[in-house]
Amino acid sequence: MGEVKVIGSTLSQFCTRIEWALKLKGVEYEYRVEDLMNKSPILLKYNPVHKKVPVLVHHDKPIAESLVILEYIDELWKEKYPLLPEDPCERAMARFWAKFADEQCLMGAIGACWKEGEEKDKAVESAIESFVFLEKQIEGKKYFGGEEIGYLDLALGWIPHWLKVMEQVGEMKLVDGEKLPLLNEWCHNFIQIPLIKESLPPREKLVNYVTASVGYMRSLAPNN
Ligand SMILES: N[C@@H](CCC(=O)N[C@@H](CS)C(=O)NCC(=O)O)C(=O)O
């Protein structure tokens, strides 16, 4: 096994953030694509608790949970391209908003995407309220990390690509240019960065994946 290995899935926003961090740091890595419908013994061995990707395997030691992996990468290869701010309070806030975005914004958007009728309206409204909090975090800055992209930008990197697909498939608008102009501008700036752009999964594949997931979630809903 190579020194740094990522066990991942090419359509996963959680895995792409790890690739972005490794590329920014100039760390060579091997990528092992996992079939999530038929999980490999390697994934089950390295992430027995959650059985999810991504897992970073460094010298045969596994690290799971993408935000934890980002911090590990930043601490280990700290010389090149620091991701988290130096100031302890700013570091804590970056971690806070990354967690908030995964738990409230992303989960809220996924729920809003597959729900229907009145439930969908409520979920959309609640997700938008969460995105308004993120909008405030970028006031006066080009990126969440300041002049350069950092940890929080990578953590929110699903918004310009994955969220746009969810909006299309779920026929909804969560990050509206008029209501959230700063977040929209950030999306535009972030996605233009060549290193970011080159690791994005093809949009059509993502549309097919999200469409299938929405169908599956709706089939599980209690009134179906
Ligand atoms: N909180 C985890 C989420 C990881 C996650 O949900 N990964 C998905 C792929 S996008 C997965 O492995 N799903 C397989 C499953 O749930 O069985 C992280 O940040 O790493």
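## Domain arrangement

The C-alpha centres of domain 1 and domain 2 are 21 Å apart. Domain 1 spans residues 4–76 and domain 2 spans 88–220, with bounds taken from an automatic or database domain assignment. This is a predicted model, in which local features need pLDDT of at least 70 and side-chain atom pairs count only at pLDDT 80 or more, while totals for chains, interfaces and linings use all residues. Residues are numbered from 1 along each chain as its sequence is written, and side-chain values use heavy atoms, with hydrogens and water left out.

## The interface between the domains

Contact (heavy atoms within 4.5 Å) involves 14 residues of domain 1 and 22 residues of domain 2. The size of an interface is often given as the accessible area lost when the parts come together. Here the two domains bury about 1700 Å² between them, 67% of it on carbon and sulfur atoms; buried area is the accessible area (1.4 Å probe) that two parts lose on being put together, summed over both. In domain 1, the residues that lose the most area to domain 2 are Leu 11, Gln 13 and Trp 20, together 41% of what that side buries.

Between domain 1 and domain 2, six residue pairs are in polar contact, both residues at pLDDT 80 or more. A polar contact is a pair of N or O atoms within 3.5 Å; within protein, one must be able to donate a hydrogen and the other to accept it, and residues adjacent in sequence count only if both atoms are side-chain atoms. On the side of domain 1 that touches domain 2, α1 (13–25) and α3 (66–76) each supply at least two residues. Helix α1 gives the largest share, eight residues. Helices (H or I, at least four residues) and strands (E, at least two) are DSSP runs, numbered from the N terminus.

## Salt bridges

A salt bridge is a side-chain nitrogen of Lys or Arg within 4 Å of a carboxyl oxygen of Asp or Glu. The count by this rule is 10 salt bridges, and three salt bridges are counted between domain 1 and domain 2. Glu 198 pairs with Lys 23, their closest N and O atoms being 3.7 Å apart. Glu 198 lies in the loop between α9 (194–197) and α10 (203–220) and Lys 23 in helix α1, so the pair ties together parts that are 175 residues apart in sequence.

## Ligand surroundings

The residues around the ligand are Ser 12, Phe 14, Leu 36, Lys 39, Lys 52, Val 53, Pro 54, Glu 65 and Ser 66, each with a heavy atom within 4 Å of it. An oxygen atom of the ligand is 2.5 Å from an N or O atom in the side chain of Lys 39. A ligand nitrogen atom is 2.8 Å from a polar backbone atom of Val 53, and a nitrogen atom of the ligand is 2.8 Å from an N or O atom in the side chain of Glu 65.

## Backbone features

Most residues other than glycine have a negative phi, and most peptide bonds are trans. Val 53 and Pro 54 are joined by a cis peptide bond, with omega about 5°. Pro 54 sits in the loop between α2 (41–46) and β3 (55–58). Lys 51 is found in the loop between α2 and β3 and has a positive phi of about 60°, although it is not a glycine.
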